[in-house]
Amino acid sequence: MSTLSHRPASTEPMGAAQGNGAQGLVGLSAPRVDARAKATGEAKYAGDLQIPGLAYGKVLRSPYAHARIVRIDASRAQALPGVIAVLTGDDVLDINPYYGHAIKDRPLIAIDRVRFVGEPVAAVAAEDPQTAAEALELIEVEYEELPAAITLDAALAEDAPRLHVTELLKPGLFHGLGELKPQPGNICYHHAFARGDVEEAFAKADIVVEGEYHFPAVYQYSMEPHTTIAQWGDGEITVWSSCQHPFLVRAEIADLFGLPVANVRIVVPYLGGGFGSKSYTKLEPLTVALARKARRPVRIANTVDEAMVTTRRHGMKAWMRTAASADGRLLAREVRCWFDTGAYADNGPRVVATGADAAPGPYRWEAVKVDSWGVYTNTSPAGSYRAFGATHLQWIGEAQVDEIARRCGLDALQIRERNLLRPGEAVRPGGKPLDADLIGDIQKVAAALDWGTPKPANVGRGLSVGLLAAGAHPVSTAFARLEADGTATLYVSSTEVGQGVRTVFSQILATELALPVERVRVQGGDTLVTPYDRSTGASRSTTLAGLAVQRAGQELRAKLLEIAARVFGLPEEAIELRDGAVWHEGESISYPDLIRAHFGMVGGELIGRGEVRPEKGTGSYAEGPVFWEVCIGGAEVEVDPDTGKVTVRKAVSVADVGKAINPRLVKAQEMGGWLQGLGNALFEEMIYDEQTGQILNATLFDYHVPTIADLPASFVSTIVENEDGPGPYGAKGVGEGALAGATAAIVTALYDAGVRVTELPATPERVWRWLRERDSAAAGGAQSARE
Amino acid sequence: MLRRFVIHEPRAVEEASALLEAHGPEAAIYAGGTELLVVMKEGLAHFPHLINIKTIPGLDTIEASDGMLRIGALATHRAIERSPVVRDAAPVLAELEAQIANIRVRSTGTIGGNLCFAEPHSDPATLLVAWDATLRLTSRRGTRDIPAESFFTGLLETAREHDEVLTEIRIPLPPARAGTAYERFKTHERPTATVAAVVRLNGGTIEEARLAVGSVGPRPHRLRGVEAMLTGQRPDADLFAAAAERAAADAEVIEERFESVDYKRHLVQVLSARALATATQRAHPRETGGD
Ligand SMILES: Cc1cc2nc3c(=O)[nH]c(=O)nc-3n(C[C@H](O)[C@H](O)[C@H](O)COP(=O)(O)OP(=O)(O)OC[C@H]3O[C@@H](n4cnc5c(N)ncnc54)[C@H](O)[C@@H]3O)c2cc1C
């Protein structure tokens, strides 16, 4: 059992101090506002909700990776007592049933054809879940199997079966990627950029490192699988769903069912984790269609194996080469990567583009060329997962940097100090220049690893640094009510997915209003009530929605000052807000008294609004990102040379967050991200049967997610606060960087221990094989040297 | 999801046996349920009748006397891990039990359930085979004792008849100058390879050696060829290296989803060398300064 030594970078004052001045609660580790409700079980998740007349849905899923549906006979299921409705493709032909926020390539239920094992073919609504499950067994489906392309190589082959007529696909509502062009074969999306003359740079280079690499499909595993309740009635749709982006779901549902957005209401209770698996639209269209047919509210709740085929992380194949001069100057990099997006695009195009952005790494190149493709395969669709793109490519680029360092006699820290970008330098052609001090950050990682000190045999230390385009589209709004009794209610649509967003927003509003945190209540997302927010993801909520919250608070603050100036008969500058009251020198009026003075009664309320939108331009992908999230980490690993088993002895994270509004929550993000990074590096892989397309490890018995027992023996986390973020108080997002940073740091630490990782996860068997290859190559080398 | 079933709560082993007989293949014994209920939830098997044996008194007793450690089939992993009797008489078993699964499975799952399910990736099965333990089976027809090694007949298969209840695991306590070592390699939820070694010394030579391997094949089994090459020899690193190599070759290994056959053979070799060295060391603790 590992012990956890948590070394704080600075002492953190805990608890909700009284607000004094505008920075009052910022930087304090206020206790989570939802801790009690979650610990006692009072917190409500989608699976806990009960509404009158609720029916229970179950989904019949395809056993084939690719097949034509010849016939479906649901009559026996329909006749089972307790069954309310059976939905098949025939029931959605009155609408355009294709959706997808990037590409509208996915029918909400299979129509004539299935493209992956697990694709919904029929859905049953019944009086109880048991009956619904029994009804599924009574549905007869006749399939005619079609040739399937399970792997990237199979899908990219000349004569590969085609999944879609890509020429006919329509762009989705929110692809945000400029013009989407139809692609040949099974290519779903292509993103490319180039700068400088790559061929020339490679021709003149002293050192070239080149390789092919593989990253597996990974399951986002959140404790709560997707759960949705839908209610259809009278031209209105109400959905309660475990979703991260309620407004984007609302738009897609409205579009699918031909209703104005105002007639669609999405309510988001607490989420039991998401990690990207609940971003965009998942179970909602199917549940709405089933409720429409059943004329009853219906709940569909995924099991773990169903969640696994609902969305996953993209598997990827990459080829990369890096050029450098003999003295360790990085010159050029060329990358080609293919992302397996499964049967439908989901968020694939964005992942492809973000992967391309991450591919060069944050170095000063003379020339760069990146081509990144999304590829359709007959497997379950792939979408977002924490730190997508960066996690895929950072470990590869960083391993090549370390190989170059070795060849030119530098150490891993030195080569980075020489080549890392500095603040203000361009990261990619167009878009935001670097907004972080990467050299300062990497030196902190090195210090935490006791860089340069002797280490035992079979132990390796590694550093890694990269960038992730974060923030998504910068549109968020919030409003706040200051009630007559001096308490505040905040309306903002960020999803509390476990990250602590309600706590942070409470701190921000409490700070602006000089109130204790306990007097602020944060409403969960409900599109009928809370105002527009693009999404909860891309490390954006504190930065963007938080800024909207701050602005709402500032508007309220301005109103309080204006009223106080009137009541005191003084200029606003002579008044300050403190401890829930307005003050002039020793004299104070509490907010309730002030509001009463304003309205002339005990009642009324003040309202503040905050809006965030692109500051210049359109906020497009090409002009972005909102900020570059620093993906950084350090690891010390030990390799058992007999078995190949890897133990992480020390985990290091540096959270370059601009300003830590709640340091404890920042560190929780770092630790959670690190553990997931450890899973991505060492354990996690969805294994598809290459013939049938079945997932061979679709249970948590067979798919190992890191647990408390896998925690590194020591975890050191440092927070960097340069106040260089675009969010409130100079904050910028956190939460994803640690994952990509950790995965890559484990790889570079393994490199330092003599293991050349070319495929993740670095399972004991793979490590053992790489060590054997190295040893036999060394023996071969010794042999030829002797000859 | 779990389909509907009836649960029976017998008060005696004979009653459980009668229920098994009456309901035939529709019935299964339900102990901790950590395997059974998962299999049923996954839809891999369905038993309309579950016979809960936790209502039968006395099936979880742990005691040692007359050179025999007796563990009731209903004893949970947690109970065995924490039992002062086990810690005293068979500390290797207590350590093994402490490593199984996680605290939730250990406090619900029973040793009997582990053995009767015969999932090949089992820790206790491998050790019990090396220890020549016997398993006591009871039905209305009577009681019989089977050596652990012949109890496991294949992947998820045992010598237990449908109407028999496993009631007790009987472990002959190792004689003086014998040492036991248990080695496991685990990266998934269950172990990938397990090896148990028992070494008894006489003077400077190995009087008896037993080596059992599990998890890599359909069932745990002894490696008698390896045992023969060790018997009568002086223990040293070269001998163990040769024995471990032979163990890797002789072990019954099957292709599965995860690790390959050659890697599993390699693991058997690594674990065998480690287990033999440790068992030998434990066989003469005084000489090596241990205790
Ligand atoms: C997450 C997880 C991790 C695990 N890790 C490990 C590990 O690391 N090492 C390891 O060795 N094991 C491991 N296991 C297996 C674990 O030891 C077993 O699940 C547990 O011991 C089974 O006991 P039970 O009482 O729950 O059996 P049940 O599920 O109740 O029964 C299992 C089977 O045995 C039959 N049965 C049970 N008791 C009797 C009896 N007395 N007589 C006749 N038939 C009986 C039942 O009918 C059923 O077929 C793991 C299991 C899980 C779920």
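Helices (H or I, at least four residues) and strands (E, at least two) are DSSP runs, numbered from the N terminus. The model described here is predicted: local features need pLDDT of at least 70, side-chain atom pairs count only at pLDDT 80 or more, and totals for chains, interfaces and linings use all residues. Residues are numbered from 1 along each chain as its sequence is written, while chains are lettered from A and ligands numbered from 1 in the order in which they are written. The ligand lies between chains A and B.

**Ligand shell**

- The shell around the ligand holds 31 residues, with B:Ala31, B:Gly32, B:Ala101, B:Gly109 and B:Gly113 coming nearest; a residue is near a molecule or strand if its C-beta atom, placed from the backbone, lies within 6 Å of it.
- In chain B, strand E2 (27–30), helix H6 (103–108), helix H7 (111–117), helix H8 (123–130) and strand E10 (165–172) each supply at least two residues of this shell.
- H7(B) gives the largest share, five residues.
- The shell divides by class into 17 nonpolar, ten polar and four charged residues; Ala, Val, Leu, Ile, Met, Phe, Trp, Tyr, Cys and Pro count as nonpolar, Asp, Glu, Lys and Arg as charged, and the others, Gly among them, as polar.

**Contact between the chains**

- Chain A puts 15 residues into the contact and chain B twelve residues; two residues are in contact if their C-beta atoms, placed from the backbone, lie within 7 Å.
- On the side of chain A that touches chain B, helix H3 (129–136) and helix H18 (764–786) are the elements that give two or more residues.
- That side of chain A has seven nonpolar, five polar and three charged residues.

**Sheet and helices in chain A**

- Four strands of chain A form an open sheet in the order E24-E23-E22-E28, with mixed pairing; two strands pair if DSSP finds at least two bridges between them.
- Strand E24 (520–523) and strand E28 (605–612) of chain A are at the edges with a single partner strand each, so one side of each has no neighbour in the sheet.
- Direction ignored, neighbouring strands of this sheet are turned by 20° against each other on average; axes are lines fitted to C-alpha atoms, for helices over the stretch in contact, and angles run from 0 to 180 degrees between N-to-C directions.
- Five bridges pair strand E22 (residues 476–483) with strand E23 (residues 488–492) of chain A in the antiparallel sense, and A:Ala480 stands opposite A:Leu490 in E23(A).
- H13(A) lies across E22, E23 and E24 of chain A and runs at about 135° to E24(A).
- H14(A) also packs on the sheet, where it touches E22, E23 and E28 of chain A, and its direction makes about 140° with that of E28(A).
- Helix H13 (residues 501–513) and helix H14 (residues 541–568) of chain A pack at an angle of about 30°, with their axes 8 Å apart.
- H13(A) and H14(A) are therefore roughly parallel to each other; angles under 35 degrees count as roughly parallel, over 145 as roughly antiparallel, 65 to 115 as roughly perpendicular and the rest as oblique.
- The crossing of H13(A) and H14(A) is right-handed; a crossing is left-handed if the near helix is turned anticlockwise from the far one by less than a right angle, and right-handed if clockwise.
- Their contact has eight nonpolar, six polar and two charged residues.

**Sheet and helices in chain B**

- E11(B) and strand E12 (residues 193–202) of chain B run antiparallel and are joined by eight bridges, with B:Tyr182 opposite B:Ala196 in E12(B).
- Helix H5 (residues 91–99) of chain B packs with H8(B) at an angle of about 165°, their axes 10 Å apart, and H5(B) and H8(B) are therefore roughly antiparallel to each other.
- The crossing of H5(B) and H8(B) is right-handed.
- B:Val92, B:Leu93, B:Leu96 and B:Gln99 of H5(B) make the contact with B:Asp123, B:Pro124 and B:Leu127 of H8(B).

**Backbone exceptions in chain A**

- Most residues other than glycine have a negative phi, and most peptide bonds are trans.
- The peptide bond from A:Gly624 to A:Pro625 is cis, with omega near 0°; A:Pro625 is in the loop between E28 and strand E29 (627–639) of chain A.
- A:Leu760 and A:Pro761 are joined by a cis peptide bond with omega about -5°, and A:Pro761 is in the loop between helix H17 (737–752) and H18 of chain A.
- A:Asp450, a residue other than glycine, has a positive phi near 55° and is placed in the loop between helix H12 (438–448) and strand E21 (459–470) of chain A.
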